Every structure is written in structure tokens, then in C-alpha cells.
Amino acid sequence: MNSYPRNAYENDLVERDVAEILYGQGVGGLFVTAVASTAFVMMLSGLNAQPAVKVWLTVMLLSVLARALDLVAGRKRRLQSDWNGRTEIHRFGCGVLTSAVVWAAFPLLFFSELNQVERTTMATIVSAMAGGSATVLAAARRLAILYCGAMLVPSSIMFLLTPGRENQFLGVLGCIFFAVMASASRVTHRATLSAIRLNRTNQALLADMDCERERTTHANAELTFAQAALRETLETLEDRI
């Protein structure tokens with residue numbers, strides 16, 4: 001689900017680091033998703049009473065709950081010595097994309113029933129969350145782009161298909177913002193992956209230094225022992241002479 005240089009992607013240690021980063025930032029993402037979706041539905045004028053909207057919010061909160069349970073279970077899985085980084089990345093990605101699909105369904109289902117203020121509010125919320133994903137999901141570029149696309153493209157299309165200068169402007173702005181976020185995701189992904197690989201290289205160098213230090217200490221100890229034995233032998237020869 002992610003795009004790494006081949007030699008790094010096949011390195012399980014790097015994949016584990018990526019999984020740790022994604023899951024480490026998952027709690028904040030879940031909190032924002034739950035609060036934003038609930039607050040948005042509550043501010044809708046009259047639409048929040050419709051059963052379909054309540055069903056949408058229920059599905060969203062259930063997806064958040066499922067992801068929260070996966071975060072807890074993920075901690076236990078990663079305590080095992082043989083856990084697989086790629087599997088954890090895919091598992092996390094499935095949860096993120098599920099939430100994104102639920103968000104994408106809202107404008108497709110209810111756009112025509114929103115007034116202009118509510119449409120603008122919706123665009124602001126999804127744009128803010130898409131912008132945050134460029135950083136939160138920086139370790140997984142493709143996942144970040146898919147999430148941004150699911151958040152921005154459906155609402156942008158609905159805006160473009162709706163008459164009115166304001167709607168057209170918001171639609172074009174959403175498309176431009178998606179392109180910017182996709183580019184930003186690529187840059188942040190490269191920086192994050194470079195930091196991960198540099199950290200692993202430093203750890204390997206430190207391990208080599210420790211090994212060299214141990215070998216040097218062992219060699220010095222043997223040299224000291226040999227010098228002591230030689231000194232004792234010379235003293236014995238001197239006594240005999």
C-alpha cells in the first residue's frame with residue numbers, strides 16, 4: 001500500500017518503523033474524526049434529524065471504534081518479536097480508508113439538502129482533515145493520497161456540478177487543494193523515509209562501534225595478560241641466572 005525504494009521496503013525494520021509511526025499518531029486522528037463528524041451533524045439545520053444522517057453518523061462512529069480497538073490490539077501484536085511491519089501497515093490503511101469512504105459518502109448522499117453555509121462548512125472540515133493527513137500519514141504516501149482523494153474529490157465534484165459561482169469556486173479550489181496535498185505528501189514521505197533510514201543506519205553504526213569496543217577491550221585484556229606472563233617469565237630467568 002506504500003511506495004518505498006525497493007531496498008528499504010523489503011527491510012522489515014523500516015516497515016516496522018513506518019507501522020509504529022502510523023499507529024503512534026492514530027489516536028489523535030480518531031479523536032479529530034469523531035469530534036468533527038459529530039459536531040458537523042449537530043450543526044446541520046433540520047437535516048440532523050433525518051434517519052439517514054443518523055445512520056451515517058453511526059457508521060462513522062462505529063468505524064472509529066473499530067479503529068480504536070485495532071490500536072489497542074496493535075500494541076499487543078507489536079510486543080511480539082516476530083510481528084510483520086507490512087501487515088500492520090495494511091491493517092492501519094484499511095481502517096483509515098474506511099473512515100475516508102464514510103466521509104466521501106456524505107456529500108454524495110446529502111449535498112443537495114445542504115444550504116450554502118453548511119456546504120462551505122463541510123468543505124472546510126474535509127479540507128482541514130485532508131491537510132492534516134499529509135503530515136499524519138506522511139510515512140505512507142499512497143495511503144495519504146488515497147485519503148486526501150476520498151475526502152476532497154467527491155465534494156469537489158458535487159460543487160462543480162451545482163450551479164452558482166460560490167459552488168464552482170469551492171469545487172475548483174477543492175481540486176487544486178487535492179493536487180497540492182498530493183505533492184506535499186510526496187515531499188513529506190521522502191523526508192520521513194529518509195529520517196527512518198538514517199536512524200536505522202545510525203543504530204547499525206552504534207552497534208558496530210559497540211562490537212569494536214568489545215573486541216578492543218578483549219584484545220587489550222589479552223595483551224595485558226600476555227605482558228604479565230612475559231614479565232613473570234623474565235623475572236624467573238633472571239633469578240635462575
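Trainee: What makes H6 roughly antiparallel to H7?

Mentor: In this predicted model, their axes come within 9 Å and cross at roughly 160°. Axes are lines fitted to C-alpha atoms over the stretch in contact, with angles from 0 to 180 degrees between N-to-C directions. Angles over 145 degrees count as roughly antiparallel, so H6 is roughly antiparallel to H7.

Trainee: Which residues of H7 make the contact with H6?

Mentor: Ala144, Tyr147, Cys148, Met151, Leu152, Ser155 and Phe159 of H7; on H6, the partners include Met122, Val126 and Met129. Contact means heavy atoms within 4.5 Å.

Trainee: How do the residues of that contact divide by class?

Mentor: Into 11 nonpolar, three polar and one charged. Ala, Val, Leu, Ile, Met, Phe, Trp, Tyr, Cys and Pro count as nonpolar, Asp, Glu, Lys and Arg as charged, and the others, Gly among them, as polar.

Trainee: What lines the second largest pocket?

Mentor: Its lining includes Ala123, Ser127, Leu152 and Phe177. H6, helix H7 (141–161) and helix H8 (165–240) each give two or more residues. A pocket is an open set of points on a 1 Å grid where a 1.4 Å probe fits, with protein on both sides within 12 Å along at least five of seven lines; lining residues have an atom within 4 Å of a point. The lining has seven nonpolar, five polar and no charged residues.

Trainee: What should I keep in mind about the model?

Mentor: Residues are numbered from 1 along each chain as its sequence is written, and side-chain values use heavy atoms, without hydrogens and water. The model is predicted: local features need pLDDT of at least 70, side-chain atom pairs count only at pLDDT 80 or more, and totals for chains, interfaces and linings use all residues.

Methods:
Helix = DSSP H or I, 4+ residues; strand = E, 2+ residues; numbered from the N terminus. Parallel < 35°, antiparallel > 145°, perpendicular 65-115°, else oblique.
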